[in-house]
Each structure stands twice: as structure tokens, then as C-alpha cells.
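Subject: Structure handover

Hello,

Please find the structure below, followed by notes on what turned up in it. Could you read them with the structure open?

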Amino acid sequence: MDRETLGQRIRALRIRQGVSQAQLAFPELSDSYISLIESDKRVPAPSVVELLAAKLNCSATYLVSGVSEDVVDELRVTLDYAEIALSNGAATEARARFAEVLASADAVALPEMLHQARWGHALALEAAGELEEAIAGLTALTEEASAEADLDHWAKVHVALSRCLRERGDLSAGVEAAEGALRHLIATGADSTDAAVHLGAALLSAFIERGDLVRARQLAAQLVERAERIGSPRARMVAYWEAAYVAEIRGEYEEGVGLAERALMLAGDGEDPRNLNRLRVIYAGLLLRARPDQAARARELLARVRGEITASSSGEIDVAWCLTELARAETALGRPGEAVALAEEALDLLGNAPRRATAGALTVLGEASVRLGRRDRAVEVLTRAATCLEEMESSREAAQAWFDLAEVLGEAGTAEEPRMAAYRRALTCVGV
């Protein structure tokens, strides 16, 4: 059934209240203008809608949408509850409440509320690890979002899409999503904005994961320069964070620690707990690599993050990364048994899908298994890690995983052919 138009609703309310067009118009408007509105030949400005709503004793929302204020309030309460659930890490509950709003026939007439529900639903799906559905929802939102209408939100949608594509293992698509959006900002002269820094950070992450370290280093320098020119603490935090990630990948761990510390200093109280915990996990990982003598400090930080992570909107992937780095710390502290338990807990969370987080947990599990003398188990999980990374186009990380496997095979006294085959796979991954 078709809904009434705005003009039809105004006319019905006016007649019901026994008011003429001239009376409704006086003194601000003309009766002819009211006639044009009621016949849907004019679309009144928001200020006029507010004026007419006050005169007709109803809400502007009802005039525009035809949805009663009681229904709007009910939907708004459900949305607020969903947002709280998402921020508290209850992804399943958040997803259900957002879906409840999306299933409401009345929400169709409330475009802003409908968009908020679709955006929240996509983030809840991501937090729950349901990447395929999250990607479908985010793709639809990118096609509808407007950089001119709301630049920051437009950038957030593209960043989220790039992030989900990368986590799924589709690195080329992740690069394309961020690169295309950033190119649009540059073409429209909006490259010196926080939105451009966030998109640049998403693109930088994609370059790193794909193993394109030359472009990553160039973009990291541009990102820091752009963020410092903008001056926004949030933009500078994001730029230092991503530059720290590049330093880690390049093996420049001490530099990475310094950059991560600068990022943490800029992270304000209003920072999304999920992002703050991600940054802390990266910082702890850098500490483990740059300053092995501070492994206990890194472990303490990671244990604290693990405790706090349930109070944020972190999903399985973020929890798994924290568990993986915690397992790495336990290995460094000479407790490989605890490391195995943590890595296996991460893998249980992630399931069998080929993801970067899965490959990371498998790699740490392989190292801990070597320390425990479980060579066969180490060979098995390192093979899975390398294969997983190859499937995801992550050539640099895949090469390292095959190299690690070759070393384990050598230490185990395995026949030369399997070991050389692993070395050849490593060389193939880096194009040699």
C-alpha cells in the first residue's frame, strides 16, 4: 500500500482540524503556497515543515514520513540499544536489534534512521566475524553514500569496506576500495582532511598486507606529512599508528616503538575502545620484537587488553590478534605450553576461513610447537599458515612462512626434497 504524500498528510490534518488554507498560512505564508504544497507541486523547506507541524499539532517527522511519533520513538530506542550493545562488544545482540529496525516497514519512510541501522548492522556483522554479509552491506552503503553530504561518514564506510575485504583475504579488492576513494578526495580537493588521512591509512594497511613495501613506505611518509599539516590529533594518531606498522614490517622495530608511543599519546578519551585496543596490541608486538628484555611488560599490556576487550565492540578477529600476540609473549618468556593454548584459542575463534589472523595464529602455534619439540605439529601448522597466506595474495608473509617451514624441516632432519620445496615456494612468493 502506497503511503500518503507530504501534501496529502497536510491537507488531511488541516481538514480534520477544520482549518482553511488561508488560516493555516497566516501570517507567515500565503494560501496559494499552501495549495501548491497540498497538491505536491511544491516541496517546502525544512523550516516550513517545522512551522506547519507546529500549527497542525504534530511532529515534523510525521509530516515528512507519515510515521507516528510513538513508532519513531520506539525505533529510536531500539537503535540506541543496538549502538550500546555494539560498543559493549555484544555483537550478536547488536546485530539482532539493528535487524529488527531494518525489518520494520515504517523504517523505509525514515531514510536517516534506516541508514543508521544499515551502517550499524554491517559493523555488527563484521564484529561477529560474518565478513561476507558485512561486505555486502558495506558495498551497498558505499554506492549510496555522498562525500559532499558527509565527508567523514563517507570515508568511514570506505575504510570499513577495505578493512573487511582485507580480513577476508581479498587484498586486491581492499586496495581498490581505499585507493578509489582516496583518488576521489584528491580529485575534489579534499585531500587535506581527516577523511583523507583515514583512507590513506586503510590503503597503507592493504599495501603492507599485500607485500608492497616500497609503496607502503612512500605512502607512510606522505601520510605523516599530511597529518602534521592538518594538525588534528586524531589524524596524527592514525598516521603514526600506520607508520609504526610499516616500521614493524620492515624490521625497524625500535622506530616502530617510538611511532606507536606517539600514537598512544595522541589517543584521547573519546577514542573508539576497539581502535585503542588494536593500537595497544600493535605496540606490544613491537615491544616484543624491538626489546625482547621487555617481554614481561608486553605480556602485562596484552593481558590488560584481553581483559578490556570484552567491554568494547571487538569481534573475534580483534580478540584473536590479541591472543596471538599474547602467545608470542609467552613463547618469548619461555612458556611455550601457555603459548600453544592461547594460539589454539585464537584459532577456535576464527574457524577455518583463510584470514590474516588465522595465518598469524598458526605461525605462532608453529613456533611454540618447535620449542616444545613437537616437530610434526609444527610442520603441519606452518604449512597451513603458508598456504593460507598464498591464497590471500600476501606474498611477503607467505614467503616468510615457507622459509620458516623450511628451517623447521631442516632442524627436524627431514629429507632434503621437502625442505628445498619449501624454499622454492618461498622464492616463488617473492617473484624469484
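In these notes, a residue is buried if its relative accessible area is under 20%, exposed if over 50%, and partly exposed in between (1.4 Å probe, protein chains only). This is a predicted model, where local features need pLDDT of at least 70 and side-chain atom pairs count only at pLDDT 80 or more, while totals for chains, interfaces and linings use all residues. Residues are numbered from 1 along each chain as its sequence is written, and side-chain values use heavy atoms, with hydrogens and water left out.

The whole chain

The chain has 432 residues, and 48% of them count as buried. Its secondary structure comes to 23 helices and zero strands; helices (H or I, at least four residues) and strands (E, at least two) are DSSP runs, numbered from the N terminus. Along the principal axes, the C-alpha atoms fill a box of roughly 95 × 40 × 40 Å. Of the contacts (heavy atoms within 4.5 Å) with a separation of 6 or more, 59% are between residues 24 or more positions apart.

Helix H3 covers residues 31-38, and its buried residues are Ile34, Ile37 and Glu38. Seen down the axis of H3, these fall within an arc of 95 degrees, so they line one face of the helix; the arc is that of the directions from the helix axis to the C-beta atoms. The buried residues of H3 pack against helix H1 (6-16), helix H2 (21-25) and helix H4 (46-55).

In the loop between H2 and H3 sits Pro27, which is joined to Phe26 by a cis peptide bond with omega of about 0 degrees. The loop between H3 and H4 holds Asp40. Asp40 is not a glycine, yet its phi is positive, near 60 degrees. Is Asp40 buried or partly exposed? Its relative accessible area is 39%, so Asp40 is partly exposed.

Asn57 also has a positive phi of about 60 degrees without being a glycine. Asn57 lies in the loop between H4 and helix H5 (60-65). With a relative accessible area of 66%, Asn57 is exposed.

Two helix pairs

Two packed helices are described by the angle between their axes and the distance between the axes. Axes are lines fitted to C-alpha atoms, for helices over the stretch in contact, and angles run from 0 to 180 degrees between N-to-C directions. Angles under 35 degrees count as roughly parallel, over 145 as roughly antiparallel, 65 to 115 as roughly perpendicular and the rest as oblique.

The axes of helix H6 (residues 69-87) and helix H8 (residues 111-127) come within 11 Å and cross at roughly 25 degrees. H6 and H8 are therefore roughly parallel. Residues of H6 including Val72 and Leu75 meet residues of H8, among them Met113 and Gln116. By class, this contact has nine nonpolar, two polar and two charged residues. Here Ala, Val, Leu, Ile, Met, Phe, Trp, Tyr, Cys and Pro count as nonpolar, Asp, Glu, Lys and Arg as charged, and the others, Gly among them, as polar.

For helix H17 (residues 295-308) and helix H18 (residues 316-332), the axes come within 9 Å and cross at roughly 155 degrees. H17 and H18 are therefore roughly antiparallel. Their contact includes Arg299 and Leu302 of H17, with Glu325 and Leu326 of H18. The residues in this contact divide into nine nonpolar, no polar and four charged.

Regards
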